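Subject: Structure handover and notes

Hello,

Here is the structure we talked about, for you to keep open while you read. My notes follow below it.

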Amino acid sequence: MACGADAVVALAQPRGPFLAGLPHDDRGFVPVDDAGRVAGAVDVWAVGDSTDHEVKQGGLAVQQADVAAADVVRRLGVQDPLPPPSRTTTLRAALLDGRGTLYLRAEHDGAGAHWRTITSREALWWPPAKIAGGHLAGYLAEREPVA
Ligand SMILES: Cc1cc2nc3c(=O)[nH]c(=O)nc-3n(C[C@H](O)[C@H](O)[C@H](O)COP(=O)(O)OP(=O)(O)OC[C@H]3O[C@@H](n4cnc5c(N)ncnc54)[C@H](O)[C@@H]3O)c2cc1C
């Protein structure tokens, strides 16, 4: 029986890499704890899109990497010369619309489901790059200045 529709929307489903030798959930993502330690594996850390964090984004991957690197340093018993990474997760996005760039920032303090969000036409972070956060944004900006 044929049935009509005004519109059809197809959305991609996130799928992990099913990395051999590492645990993964049923979607193929590597399960990690808050420090990036891989569940069920000894001295293995993972960050970024391959992990089971719900939101996949480069800026978040950078923050996860800072937390994981600090945990590796602690595990090695090395005195970390850098301040401990923030417990606050910050999602930064630049939306290019018909009027220019709209900067979006949402902060999560790690407790509950509450995000504090801010939007602005002025840059909310510096450098105002697409991949924002940690040392990576500054490193990239030095090599490819933001217009
Ligand atoms: C169209 C698009 C636009 C985006 N825009 C933004 C944005 O503006 N800002 C932002 O913050 N994020 C953005 N993202 C998301 C961002 O690209 C990802 O979140 C980020 O790249 C994740 O980094 P990652 O290092 O975890 O994974 P990746 O960048 O995917 O790196 C994984 C690397 O591992 C390699 N690899 C895979 N399997 C294996 C294997 N078995 N062995 C060895 N190597 C392997 C891959 O080739 C790849 O080089 C965007 C994504 C898309 C698709």
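Which residue in β3 is the bridge partner of Leu104? The partner is Thr119.

Before the rest, two remarks on conventions. Residue numbers start from 1 in each chain and follow the sequence as written. The model is predicted, and local features need pLDDT of at least 70, side-chain atom pairs count only at pLDDT 80 or more, and totals for chains, interfaces and linings use all residues.

The sheet

Helices and strands here are DSSP runs numbered from the N terminus (helices are H or I with at least four residues, strands are E with at least two). Two strands are said to pair if DSSP finds at least two bridges between them. On that basis there is an open sheet of three strands, in the order β1-β2-β3, with antiparallel pairing. Its edge strands are β1 (89-97) and β3 (116-120), each of which pairs on one side only. On average, neighbouring strands of this sheet are turned by 15° against each other, direction ignored. For that value, axes are lines fitted to C-alpha atoms (for helices, over the stretch in contact), and angles between N-to-C directions run from 0 to 180 degrees.

β1 and β2 pair over nine bridges in the antiparallel sense, and a hairpin of two residues joins β1 to β2. Ala93 stands opposite Leu104 in β2. Strand β2 (residues 100-108) is also joined to β3, by five bridges, and these two run antiparallel.

How many of the five residues of β3 are buried? A residue is buried if 20 or more other C-beta atoms, placed from the backbone, lie within 10 Å of its own, exposed if 12 or fewer, and partly exposed in between. The number for β3 is zero, so the strand lies largely in the open.

The core

A nonpolar core is a set of buried Ala, Val, Leu, Ile, Met, Phe, Trp, Tyr and Cys residues joined through C-beta atoms within 7 Å. The largest one has nine residues: Phe29, Val30, Val32, Val38, Trp45, Ala46, Val47, Ala65 and Ala68. In soluble globular proteins, nonpolar side chains tend to be buried together.

Contact means that the C-beta atoms of two residues, placed from the backbone, lie within 7 Å. Setting aside neighbours within four places in sequence, Phe29 is in contact with Gly16, His24, Ser50, Thr51 and Asp52.

Val38 is in the segment before α1 (58-75). Val38 counts as buried because it has 20 C-beta neighbours inside 10 Å. Val38 and Pro85 are 47 residues apart along the chain, and their C-alpha atoms are separated by 19 Å.

Arg37 is also in the segment before α1. With 19 other C-beta atoms within 10 Å, Arg37 is partly exposed. Leaving out neighbours within four places in sequence, Arg37 is in contact with Val32, Trp45 and Asp71. Arg37 and Val72 are 35 residues apart in sequence and 9.1 Å apart in space, C-alpha to C-alpha.

The ligand

The residues around the ligand include Pro17, Leu19, Asp49, Lys56, Gln57 and Lys130. This shell divides into four nonpolar, five polar and three charged residues. Here Ala, Val, Leu, Ile, Met, Phe, Trp, Tyr, Cys and Pro count as nonpolar, Asp, Glu, Lys and Arg as charged, and the others, Gly among them, as polar.

Backbone notes

The peptide bond from Trp126 to Pro127 is cis, with omega near -10°. Pro127 is in the loop between β3 and α2 (136-143).

Phe18 is not a glycine, but has a positive phi of about 45°. It lies in the segment before α1 and is partly exposed, with 13 C-beta neighbours inside 10 Å. Asp43, also not a glycine, has a positive phi of about 55°. Asp43 is exposed, with 9 C-beta neighbours inside 10 Å.

Regards

Notes: A residue is near a molecule or strand if its C-beta atom, placed from the backbone, lies within 6 Å of it.
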